[in-house]
Amino acid sequence: MDLIGLASARELVEHLFTPPSAGRMTLLKWILNMTYLVHLPYMGVLVAATTVSLLLNVLHRDGGGKNQLRMAKDLLDLVLVNRGVGVILGVFPIFALITCYGQIVGAHQMFSYAVWIAVVVLVSLGLLLIHWHRESWALRENSWLLHLAGGVLGVVLLLGGYLLLFANMALIGTPERW
């Protein structure tokens, strides 16, 4: 404890990531399963809907009818309700995963914090770019490439973030290979 009475960051992390008891381990695994059950389907639908919307946008640009453009916009409006839902179902569960996995493997065996921070940053930026892509539909008429690039970059950042997330989970599951 320092002068103000607050624990240092290291003490806080060590206290938060203490090895759990048997009952607490069951609770942590249950929380992880529920987090995956809510988070991964939402993000999968978000990436798939954005990808289909981008493809329909390109097909419309190449000479398609109004139905493709309307379906591309409606698909994004259906999946992206508002930013709050994206943050609650997209970013907050990653913090729950960090906390649960940190408690399961312990602070001394914790994987790189920088990678988890990179996952949070990539997913957050990806969600922001996809929301920007949806809200900049009027920009499509003047600068179609910029409008399309926002959605493509958002999907690429989300996929990169989940590549890091799944790589971390694979490393956690096989500590004998570290």
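The crossing of helices α2 and α6 is left-handed, in a model that is predicted. Helix α2 covers residues 22–61 and helix α6 covers residues 113–135, and their axes come within 12 Å of each other while crossing at roughly 40°. Angles under 35 degrees would count as roughly parallel and those from 65 to 115 as roughly perpendicular, and α2 and α6 are therefore described as oblique to each other.

On the side of α2, the contact is made by M43, L46, T50, L54 and N57, and these residues meet V123, L127, I130 and H133 of α6. Sorted by class, the contact of α2 with α6 has 6 nonpolar and 3 polar residues, with no charged residues taking part.

Turning to the aromatic rings, the structure holds 1 aromatic pair. This pair is formed by Y162 and F166, whose ring centres lie 6.2 Å apart and whose planes stand at 40° to each other, an arrangement that counts as tilted. Both Y162 and F166 belong to helix α8, which spans residues 144–173, and they are 4 residues apart, or about one turn of the helix.

| Residue | Relative accessible area | Class |
|---|---|---|
| Y162 | 10% | buried |
| F166 | 41% | partly exposed |

Because buried means under 20% relative accessible area, Y162 at 10% falls in that class, whereas F166 at 41% is partly exposed.

Note on methods
Residues numbered from 1 in each chain as written. Predicted model: local features only at pLDDT ≥ 70, side-chain atom pairs only at ≥ 80, totals over all residues. Heavy atoms only, no water. Axes fitted to C-alpha atoms, helices over the stretch in contact; angles between N-to-C directions. Helix = DSSP H or I, 4+ residues; strand = E, 2+ residues; numbered from the N terminus. Parallel < 35°, antiparallel > 145°, perpendicular 65-115°, else oblique. Left-handed = near helix turned anticlockwise from the far one by under 90°. Contact = heavy atoms within 4.5 Å. Nonpolar A, V, L, I, M, F, W, Y, C, P; charged D, E, K, R; others polar. Phe/Tyr/Trp six-rings, centres within 6.5 Å; stacked < 30°, edge-to-face > 60°. Buried < 20%, exposed > 50% of the residue type's maximum accessible area, 1.4 Å probe, protein only.
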